[in-house]
Structures are given as C-alpha cells and as structure tokens.
Amino acid sequence: MSFNKFHPTIRIRLLLLFITSLATMAVIPYLIIYLSHQVGTLVTGILFLFVMLANVIGSLMGGFISDRIGRKKVILSAELIIFLGFIGVAFANSPWYLSPYVTCVFFLFIQFSSGSSLPVYQALIIDITSPEDRRTVYTYSYWIRNTAIAIGSLIGAFLFFDYPFYLFLGVALCTLISVFITFLFIQETYTPNIEANHEKTNSSVKSIIHSYRIIFSQRAFTIFSIASLFIISVEEQLTNYIGVRLTKEINNPVPFFINLSWEIDGANLLGLLKAENTLLVVFLTVIIGRVMQKFQDRSILLIGLLFFFVGYVVISFNTTPYILILAMLLASIGEIMYMPIKQTLLANLVPNESRSTYLAFYEISSIIGISTAGIFMIISSWLPAIVLTLMMGIMGIMSITIFYKLTKDQ
C-alpha cells in the first residue's frame, strides 16, 4: 500500500504530524537548558515535574472525553489551547518582557493539551485503517516524525538561543495552520453510541477512575504496556545514564579507531551516536519496511527487539568508539524493524468503543518509562555499572518474552 492510497484523512494527518513535530522539536529539546540558565537546575527540575504531571493529567482526561464526544472536538480544542499557549510563551520571552515562571505556566497548558490530544490522534488513525494496512501507515508515520525531529532539532540548534521569541511564534503559527486544516479537511472518525453520549453528561472523576480500572483488568493490554515501558526505559538511558557514563569514562579524547588520528571524547561520542540513530531511521525506515514485507510480523518484531536490546546493552558498558557505533547500528535497525509492528499490535489490542482511553493509559506507561531514566541516574551513584547493564538486559529479556507470548497465537 503506497502513501497515495492512504485514506485522505491519514494523508492530511501525516502532513500535519510533520509540520507540528518539526516546529515543536525546534524548541522543546533546548527549553530545559534555556530555563536552567535563568532559574537554575533545581528550580527547572521542579518546574519540569509539574509540566510532566500536566501532560499525564491531560492524557487521562483527553482519552476519556474523546471516547464520549468524538475525536475532532478534542483535537481542535487542544490545538487552540496549544496555539494560545505558544503565543503566551513567545511574549514571555520577547525583547520587551522576560519571565521563566510565566513561560512555565503557559507550558502547563501546552503540555496538558498536548497530552490530551496525543491518544486522540492515535485513535483517529486506528479508526480509519484496517489491520492489514496499519503496519504500512505506522512505517510512514514513524519515518515522517523522525525526519521532522531531525530537521526541527537542527533548526533549533542554530536559532533557539539567539531567536527564541521568533521560534515560539513560529510554533504558534504552525499550530494555527494545523487547527485550520483539521477544521476544514479532517472529518470526524468516531461517533459515540447513544449510551456513551448519555454517559458524558454524568462524567466525573469517579467514572474516569472506573474506566481505567477496567483497562487494568485487560491482561493482554496491561502486559503489552509494561513490555513497552521496558523498551522506552532502555532507550532513554542513552541521553541520561549512558551519556553521563560516556562523558565521565572518556573524559580525554581517544582514537576513534586503532591507528587513526581522529580522536573523540565521551560528549562527542554521545552526539555521534544520537546523530547515527536519527540518520539511520530517516534513511532506512522505508527501505527496511519494504524488505521486511515478505517476512512474518512476529519474526520481525522479535528479531528487531533482540537487535535493539543487544545494541543498547553493549552501549551501556563498552567505551570503544567503533564498537559503540556498530552497536548503535544494530540497535537502530532493530528499532526500525519492531516499531511499526509494535504499534500495529497496540492498535489491534484496543477495543473500538474505548480507543482513546486505552491509548491514554498507554501514553502514561510511556511517560513512566521515560521517568525511569532518572531512577537509573540516581542509583548509578552507588551501584556498579555492571549491575545497571544487567538490569537493562533483564528488562530486554522480559520485554521479548512478553511479546513472544502475546504474539504466539497470532
């Protein structure tokens, strides 16, 4: 199935995904550094926790509400708030006024709305795709998002610290464009039944909690979320525990390869590994996706996960530059292999009438996975590196085992 044969709503959604991802990634990766220069790392860390909490609450509420009033209303409301939020952030970082605390207040609204819209976007794609087409759609989505991230991050690297006001305005403009295109060209993909419409009038914290208790009782979906949490946790170590370890252990430049004059230190090596991963994903996703079409999804998923975890386990303890580069090559190929199939499996696990709610729960598990990077950082100060490597290996084995059992009868 080619891109031109996708449902028009999917093609529009992928276009908007590229635009908004490119815009936000020009500012988000650099925001913490920017704020830490103004208020210090401790205050920045505390503010960051509040912003992440807003994202979690937004995800829980957005998923719940979307299954009761439809997708489009939630998306439009969230994007309008994001637009207004970035307008506020721009003027809180303008040539006339500067306030990091006002910036964080606006980012509370932005992250709340981003959290509420993300599971709805995912549910929208599932609504209008067949199980047979989802692997292809997710392959394109994965490639488009990573390409946008690469371009956006590059733009931000050169412009953010000199022109934050204009970049924030640019993100607001891109969000406004997304609002208009969504309003004009994207049709509602889900109409709740009469009972759901009646239930929304009685929505309360109690009913939200009840909905998520039901999800916990769905064993397959819950253990899928746990296995995904392990994947995200290991991946996030690159820019956290692994990155710190590399900068400490390769403090002085070392030859990249034996007898080569090119030398590299830990910080350079971390940047090289990140760049390698991004470039491989951008240039190989579609190619590998087409090559893998002749193989069974289950085999691709399990082999991809094995490559991914083996690559990251090697990166977690090794300090030889060329070996780390080869390990990242293996991990990136594994990531490209498993990601679309994992997303397809996720789509097939969620029930039609509660897609957004289930996907919101899944997003929470992803956030927990990201948060474990901080836990690794804390325990790395009193546990030897080999123990942390062993923990990552165990998470890999558990994740592969879970996916092996989940896909056994499929």
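Let's start with the rings. Tyr-34, Phe-86, Phe-107, Phe-160, Phe-161 and Phe-168 are linked into a cluster by ring pairs. Rings of Phe, Tyr and Trp (its six-membered ring) pair if their centres lie within 6.5 Å; planes under 30 degrees apart count as stacked, over 60 as edge-to-face, the rest as tilted.

A word on the source. This is a predicted model, where local features need pLDDT of at least 70 and side-chain atom pairs count only at pLDDT 80 or more. Residues are numbered from 1 along each chain, and side-chain values use heavy atoms, without hydrogens and water.

The structure holds 18 aromatic pairs. One of them joins Phe-224 and Tyr-362. That pair is tilted, 5.9 Å centre to centre with 40° between the planes. Phe-224 sits in helix H10 (residues 219-236) and Tyr-362 in helix H15 (residues 355-379), so the pair ties together parts 138 residues apart in sequence. Helices here are DSSP runs (H or I, at least four residues), numbered from the N terminus. Both Phe-224 and Tyr-362 are buried. Buried means under 20% relative accessible area, with a 1.4 Å probe and protein chains only.

Next pair. Phe-308 and Phe-309 have ring centres 5.2 Å apart and planes at 80°, so they are edge-to-face. Phe-308 is buried at 0% relative accessibility. Phe-309 is buried at 5%.

Now charges over rings. That takes NZ of Lys or CZ of Arg within 6 Å of the ring centre and within 35 degrees of the ring normal. Lys-72 lies over the face of Phe-183, 5.7 Å from the ring centre. Arg-13 lies over the face of Tyr-121, at 3.6 Å. Arg-13 is also among the buried residues of H1.

Notes. Buried < 20%, exposed > 50% of the residue type's maximum accessible area, 1.4 Å probe, protein only. Helix = DSSP H or I, 4+ residues; strand = E, 2+ residues; numbered from the N terminus.
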